[in-house]
Amino acid sequence: MKASVLWGFFEFYIGLYTYTIVDAINDENVLPFRIDYIKTIKDKEKGQDKQVSAIDTEKALLEPKRITKIVTYILQHFDQKTKRNREIFDFSKLMNVQEVASSQTKNKGRVEEIKESVRMKGFNSIFAVSSIDAAKLYYTEFKRQMDNLPQAALAGQLHRLRVATIYSYGVNEAENDDFVEDENSENTNGLDKNFRDFLEMAIDDYNKIFKTNYDTSSDKFQNYYKDVSLRMKNREIDILIVVNMFLTGFDATTLNTLWVDKNLKYHGLLQAFSRTNRILNSVKTFGNIVCFRNLEEETNNAIALFGDKEAGSVVLLKNFESYYNGYDENGKHFDGYVELINKLKTLFPLGVSFGGEKAEKEFIMLYGAILRMKNILSAFDNFEGKEILSERNFQDYQSEYIDLYQKYKSKSNEKKENINDDVVFEIELVKQVEINIDYILMLVKKYQQEGNQNKEIVVTIEKAVNSSMNLRSKMELIRNFLSRINAQTEVDGDWKKFVDEQRENELAVIINEEKLKVEETHKFIDNSFRDGVLKTTGTDIDVIMPAVSRFGGGNRAEKKKRVIDRLMAYYEKYVELVSI
């Protein structure tokens, strides 16, 4: 049963059966939630937090100092919560957003959606706020802080993000805690002039970013709404500030975080939270909720109402201590991160051979469990510095894990069996902690600065490369470049020249030895680097192949396979090292 069908409402009836949020999570149709409660107002008296927000909401909660602190927190934690500091994943991206958005107005037919597979890093988010006044204040503060980004960025504190906002009269004018209205109105005509002028300014900012031409007039605002929706699904917008819009009926698999500075409860709360829990891949294991108001009681009540009194154990992830130190549930103990790491060090000490296939598979299962646990813990603010193993030891274990992946993958290819029939590798989770080439070049510069004498840096480079799925294929390139380093080398510039020279030479060898068409092959490879994928199906490969008469003996299929294998190895070696 599709998630989009399930979540128009949180329970619906088939005969006498009620399908709840608990059922949907158990059936793996949607993800559970992980919630942070960030305290932003000091209680006057014990238990008075909600009374404060009820009595003097706008004055207390729209205080400029509070707005500033919340925006700073979001900018500082955005990468962590949305996993933007992680590795890329493949995603089918809509390439003609503006054309599709503008085709949805009256008297215009739909246009074909053009999608391409691209490589994407991390997820995006929605920021739900209490009123249009709040949306204005937050949008302005994001702009102010990001305008001051250059100095802050040098200190590693802030990140420049694409922030947009949208609101309209029909669905945003009043706040309803119990129920978020469906988005059946995108009308700006009733907006106060001040609100509409501000929205015009925000849309103008949007137009400059995306080279569009929207405004608050009736037709263009509807197109702006559709354009925002499509770009959110494409992960082109980092934070979308809303009041009620996009909190119901909007599904985007790339959306994993909801920032909340808004009173919510019951159906409206779960509807808003559920914007984050659409399934995408193994990296996205939960919907991430960051509350700047004390909504814990409202959250528990909503989950109990639409599940049962025990539903919280299914719908919500557990706390940091449970995942870090382990927990007991239903008479069973679940190992925490500390226990898993201790097992790893005890059963599989570094430098000691595994001793057979059984031990190898036990290691694969154990290290996969550690990767899954780290993926959850990385979203907790207090995990930093508590990884136990050193970075180098993690790299050594990960190198072993990748070695085994390649070994079992090779076996499965020989037997024409699925690699996952017997063992399951968490390769998506391996990739999200990838070492990138910038880190390697930083080490190369350090090696140069120490007069090419510090062999420990060379060891560090090799261990880092071996622990990376992407960089392993580039080991020979990195070694050869390192051997050329001297006092006069300009590492960044000379690395680029070296890569360009090597890839041209290697492609020339392939073209010559396989007798491929020169111009067509260069075009094919350039397009592959541009699109982030080397297409091995369709006619693309056939176009670059030599005439049939050259094969002799009817070995065209064998020749084509060999060409694909060589070009794929070449592509994997140079992808992400070139920009076209």
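Two strands are said to pair if DSSP finds at least two bridges between them. Helices (H or I, at least four residues) and strands (E, at least two) are DSSP runs, numbered from the N terminus. The model examined here is predicted, so local features need pLDDT of at least 70 and side-chain atom pairs count only at pLDDT 80 or more, while totals for chains, interfaces and linings use all residues. Residues are numbered from 1 along each chain as its sequence is written, and side-chain values use heavy atoms, with hydrogens and water left out.

Six strands form an open sheet with parallel pairing, in the order S3-S10-S9-S6-S8-S7. Strand S3 (33–37) and strand S7 (163–165) are at the edges with a single partner strand each, so one side of each has no neighbour in the sheet. From one strand to the next, the twist averages 20°; axes are lines fitted to C-alpha atoms, for helices over the stretch in contact, and angles run from 0 to 180 degrees between N-to-C directions.

Aromatic rings come next. The structure holds 33 aromatic pairs: rings of Phe, Tyr and Trp (its six-membered ring) pair if their centres lie within 6.5 Å, and planes under 30 degrees apart count as stacked, over 60 as edge-to-face and the rest as tilted. One of these pairs, Tyr 323 with Phe 380, is tilted, at 6.4 Å centre to centre and 50° between the planes. Tyr 323 belongs to helix H15 (residues 320–325) and Phe 380 to the loop between helix H17 (357–377) and helix H18 (391–415), so the pair ties together parts 57 residues apart in sequence. Tyr 323 is buried, with a relative accessible area of 9% (buried means under 20%, exposed over 50%, partly exposed in between, with a 1.4 Å probe and protein chains only). Phe 380 is also buried, at 8%.

Tyr 337 and Phe 383 form an edge-to-face pair, 5.4 Å centre to centre with 90° between the planes.
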